[in-house]
Amino acid sequence: MHPQLQLLVALQDLDEMINETANQGTELEGLGFKHGGLDELKKSRDDLATKIEPGHLSWYKRLTGKFGHAVVPVVSNLCTGCFANIPSSFVSKTNENKVQKCESCGRLLYWP
Amino acid sequence: MDIAEVLKHTSSEHFLPNLTATDKQGALAEMVEGLISGTQISRPDAIMQMLTSREALGSTAVGPGIAFPHGRTLAVQRLTIMIARSTEGVDFDSEDGNKTHLFFMLIAPPQDSGHQYIKSLAALIDRVQDGDLRDSLMAAEDYEGFCNAMKEN
């Protein structure tokens, strides 16, 4: 996996966790979980973001604002964001060192 | 949510009856290794990173001798539950300072819009409040015995 995509996946996982804590923290705390480290987690998230190239980060932010999730898995040659067909040529040797975007919706593509 | 529904997200391949690790990172790594074995999941590092971040938020060892490591990551395509036990116990930063012996690890994809994993988490936490059940779970000989104990009224 492209190192930048790896960072973007980690960033999205962290954003997911921060959002979930913000939106469902009460429910989770009702189950007994504590979230005392939220500020530290946000700091880790911001530190991680500094390692991502500005162009990728800007694209990630734009897509997150538009769709909720910027990075989506490709399953059965489909972008799971918009269900557009992803040509198998996308995974060719030529493209494996690039951060790939869906040609239809622009989401960043991740092959699990 | 019915406990039988929750158990549909796990299997005998996702049951580790004897964890060998005695510290938190080692136990998480052992469970992640168990989680991915025999599956299409190819990014254990992403799962470990997510779980480690989640533990930094606050320990998931919230029950008496029980922990529920959990979270969402792109590395999985569906909710998967890993069950593990440790007779010796793991130092999992529990609130009461005691060792953790029983683990239910829930890993969900970001697209789990029905919050299936939180409902599963709630059902599991509710179920294992019973001390006699926890003793039965620790004593269960195999996965089938473990699930039968979970489903018993």
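How many residues of chain A are in contact with how many residues of chain B? The points below answer this and then turn to the sheet of chain A.

1. Basis. This is a predicted model, in which local features need pLDDT of at least 70, side-chain atom pairs count only at pLDDT 80 or more, and totals for chains, interfaces and linings use all residues. Residues are numbered from 1 along each chain as its sequence is written, chains are lettered from A and ligands numbered from 1 in the order in which they are written, and side-chain values use heavy atoms, with hydrogens and water left out.

2. Extent of the interface. In chain A, 31 residues are in contact with 29 residues of chain B (contact means heavy atoms within 4.5 Å). About 2,400 Å² is buried between the two chains, and carbon and sulfur atoms give 62% of this area; buried area is the accessible area (1.4 Å probe) lost when two parts are put together, summed over both. Of the area that chain A buries against chain B, A:Asp13, A:Leu31 and A:Phe33 supply 24%, more than any other three residues.

3. Polar and charged pairs. Between chain A and chain B there are eight residue pairs in polar contact, both residues at pLDDT 80 or more (a pair of N or O atoms within 3.5 Å; within protein, one must be able to donate a hydrogen and the other to accept it, and residues adjacent in sequence count only if both atoms are side-chain atoms). The interface also has three salt bridges (a side-chain nitrogen of Lys or Arg within 4 Å of a carboxyl oxygen of Asp or Glu). A:Lys34 forms a salt bridge with B:Glu95, with the closest N and O atoms 3.2 Å apart.

4. Source elements. On the side of chain A that touches chain B, α1 (3-30), α2 (38-49) and β1 each supply at least two residues. Helices (H or I, at least four residues) and strands (E, at least two) are DSSP runs, numbered from the N terminus. The largest share, 13 residues, comes from α1(A).

5. Sheet. Three strands of chain A form an open sheet in the order β2-β1-β3, with mixed pairing; two strands pair if DSSP finds at least two bridges between them. β2 (78-79) and β3 (108-110) of chain A stand at the edges with a single partner strand each, so one side of each lacks a neighbour in the sheet.

6. Strand β1. β1 (residues 71-75) of chain A pairs with β3(A) in the parallel sense over three bridges, and A:Val71 has A:Leu108 as its bridge partner in β3(A). β1(A) and β2(A) run antiparallel and are joined by two bridges. They form a hairpin with two residues between them, and A:Ser76 in the turn has a positive phi of about 50°.
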